[in-house]
There are 4 protein chains.
Amino acid sequence: MGDKIEIRVRYAEIDKMGYVYYSKYLEYFEMGRTEFIRKRGKNYKEIEAEGFLLPVLEVWTKYMQPARYDDLLTIETEISSMGKASVKFHYFVKNGNGETLAEGMTKHALINKDGKIVPFPEEIHKKLLTP
Amino acid sequence: MGDKIEIRVRYAEIDKMGYVYYSKYLEYFEMGRTEFIRKRGKNYKEIEAEGFLLPVLEVWTKYMQPARYDDLLTIETEISSMGKASVKFHYFVKNGNGETLAEGMTKHALINKDGKIVPFPEEIHKKLLTP
Amino acid sequence: MGDKIEIRVRYAEIDKMGYVYYSKYLEYFEMGRTEFIRKRGKNYKEIEAEGFLLPVLEVWTKYMQPARYDDLLTIETEISSMGKASVKFHYFVKNGNGETLAEGMTKHALINKDGKIVPFPEEIHKKLLTP
Amino acid sequence: MGDKIEIRVRYAEIDKMGYVYYSKYLEYFEMGRTEFIRKRGKNYKEIEAEGFLLPVLEVWTKYMQPARYDDLLTIETEISSMGKASVKFHYFVKNGNGETLAEGMTKHALINKDGKIVPFPEEIHKKLLTP
C-alpha cells in the first residue's frame, strides 16, 4: 500500500549504537511525503511558490527494529485522513525483507503567506486524494 | 516544572520557512534527557559503559508555534511514567516569554548488551525518580 | 586567542565510530562565528534583516583528534583576514585539556538582496575588526 | 570523469536562504565515496567489519553556486592521489545542466582497531585504484 521510495542509509545518519538516529526517520517521512505530492502533479516547491505552506502540527513515530548503515530502506507513504485545512500522512519504513522497522504519522495544516490556516484549494485537495 | 536547559537555535537547524526544522526538536529532547539523567548522578555515557542502552521505542510531538534562528529556548524535561523496564519522558520547549512552542514525549526501554529488554537495576531506577 | 564558546557534544552528532561526525564541525564553526559577530554589536539576524547575506565560499578543516559524545568543547573563533567584500574566519576546536582536536577556516563574501557581491558597509567592517 | 551518483536535495538540508546548508556537502561527499568503494567490490561496512576505519584527516570545499530544495544533483567522485596509508578523494557536485555547484577534497588515513595508522592491505589498495 502507499507510494514507495527507496533510501540508502548514510553514515551521517548512524549513531553510536550503529543504528539510524531516531530523528532521521522524520527526514525520511518528509522525503516520502515530497515524492507522494510530486507524483500527484504538484511538487511541494510549486505549492510554496503559490504562497502556501504545509507546516507540521504533530508527529508520532513507533520504532520496532533498528535500521543500520548502508541499509536500503523502503518508505511507504499514504494519506490516512484529510480535512478541509489539514491532512494526515502515514508512513512505514521497511527493510529489504519487507519487515516494518518503524511507522509514523505527521499531521499538517495548510497556511497562506500571512500564516493563517486556510482550506485546501480544490485543485490541491483533489490531487492529493488521487490514488 | 521539570529540569531546564537552554538552547541557542543554530542556523543549521532552520529550514526554508525560517523555522526550526521539525526533526530538530527530537535532538533538543535528547539534550534535555541527557542533562536530566546526568543531574541524577549517572550520565548516559556511564550507563552505556555499564552495558545498557536506552533506545527510543516511541516519539510524539506537538508543534504549536515556530522557533526561529538565534532564539534562546528552554527545554523542560520530566519523567511522566516509569515501568520496570521502560520509562517515558515528557518535554516542553519554551521561548523567552515562557510560551510553549512545542511539547513531546519519548518512550524508552532499557536493553542490555545482547539487545534484550531488562528491568532497570535498582540503583538507576531510584536515581531517575529523584526529583 | 579568539572568542570562545563552549559546546556540549550531542548524541545526534556522534557516528558509528563513537566520534563527532566530520560535517558537524562546520556547524560548530558557524556557532563560533555567530557569537563572534553578535559580540561585536551586530547579530547575524540583523545583518540579514538589513538585506545582506554572508554565504560561505570556501571551507577547510583539519582533524587531529576525535571528539566524543558528551565532551565539552571550546570553539575559538577569530578573523584571520578581511578584504573589501570578503572575510576569512579561523577556528580551533579544543577539549577540556586545551588540546586542539580540529582547526578550520571559512571564507565568506558579503552579498546584497540581489545576490551581488558588495563591499562591507563601513559600520560592519569596523565592528568586525574590533578585538 | 569519476563515478556518478544522484541525490535529491531534502527539505531538511535547506537553510533560511533557501540553499543547501554548507555542511551538507560533506554528507554528499561521503555518499559519493561510499558508492565509489562499493563499486570496487568492497563496501565500507565490510572494511569496518575487517577491523579497519577510514577516518577523515582533512576536508576542503569550494562553493560556486547554491543548490536548492528538490534539485537533483550529481556527485562525481574520484581518487586524486593514494599513498601507502592515506588516500585523497575529489568530488564535484553538479546540477542538471552539468554546471559545477561545488567541489571538494577529503583526505583519509587507514587505521586499525587499535587506532594506529596502517598501510592499506594490498587487496584494498588494488581495488580502490581500479578505474
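Which residue of β2(D) does C:V59 stand opposite? C:V59 stands opposite D:T61. Let us see where that pair belongs.

## Before we start

This is a predicted model, in which local features need pLDDT of at least 70, side-chain atom pairs count only at pLDDT 80 or more, and totals for chains, interfaces and linings use all residues. Residues are numbered from 1 along each chain as its sequence is written, while chains are lettered from A and ligands numbered from 1 in the order in which they are written.

## One chain at a time

Chain A has three helices and five strands. Here helices (H or I, at least four residues) and strands (E, at least two) are DSSP runs, numbered from the N terminus.

What about its dimensions? The C-alpha trace of chain A spans about 45 × 30 × 20 Å along its principal axes. Of the 131 residues in chain A, 34% are buried; a residue is buried if 20 or more other C-beta atoms lie within 10 Å of its own, exposed if 12 or fewer, and partly exposed in between, with C-beta atoms placed from the backbone.

Contacts tell us about the fold too. Two residues are in contact if their C-beta atoms, placed from the backbone, lie within 7 Å. Among the contacts in chain A with a separation of 6 or more, 67% are between residues 24 or more positions apart.

## Where chains A and B meet

How many residues of chain A are in contact with chain B? There are 14, and they meet 14 residues of chain B. On the side of chain A that touches chain B, α1 (24-39) and β2 (56-63) each supply at least two residues. The largest share, eight residues, comes from β2(A). By class, this side of chain A has nine nonpolar, two polar and three charged residues. For this count, Ala, Val, Leu, Ile, Met, Phe, Trp, Tyr, Cys and Pro are nonpolar, Asp, Glu, Lys and Arg are charged, and the others, Gly among them, are polar.

Strand β2(A) pairs with β2 (residues 56-63) of chain B in the antiparallel sense, over five bridges. (Two strands pair if DSSP finds at least two bridges between them.) Look for A:W60, which stands opposite B:W60 in β2(B), and for A:E58, whose bridge partner in β2(B) is B:K62. Within its own chain, β2(A) is joined by seven bridges to β5 (residues 100-109), and the two run antiparallel. There, A:W60 stands opposite A:M105.

Now back to the opening pair. Strand β2 (residues 56-63) of chain C and strand β2 (residues 56-63) of chain D run antiparallel and are joined by five bridges. They belong to an open sheet of ten strands with antiparallel pairing, in the order β1(C)-β3(C)-β4(C)-β5(C)-β2(C)-β2(D)-β5(D)-β4(D)-β3(D)-β1(D). Its edge strands, β1 (3-8) of chain C and β1 (3-8) of chain D, each pair on one side only.

## Where chains D and A meet

Eleven residues of chain D are in contact with eleven residues of chain A. Helix α1 (residues 24-39) of chain D gives the largest share of the side that touches chain A, four residues. That side of chain D has four nonpolar, two polar and five charged residues.

Chain D is superposed on chain A by a rotation of 180° with 0.0 Å of shift along its axis (RMSD 0.0 Å). The two copies are therefore related as by a two-fold rotation axis. Copies are superposed by least squares on the C-alpha atoms of residues with pLDDT of at least 70 in both. In chain D, the C-alpha nearest the axis is that of D:I7, 5.2 Å from it. The same surface serves both copies, as 100% of the contact residues of chain D recur in chain A.

## A closer look at one lysine

B:K4 is found in strand β1 (residues 3-8) of chain B. B:K4 counts as partly exposed because it has 14 C-beta neighbours inside 10 Å. Not counting residues up to four places away in sequence, B:K4 touches B:T74 and B:E76. B:K4 and B:Y91 are 87 residues apart in sequence, and 9.8 Å apart in space, C-alpha to C-alpha.
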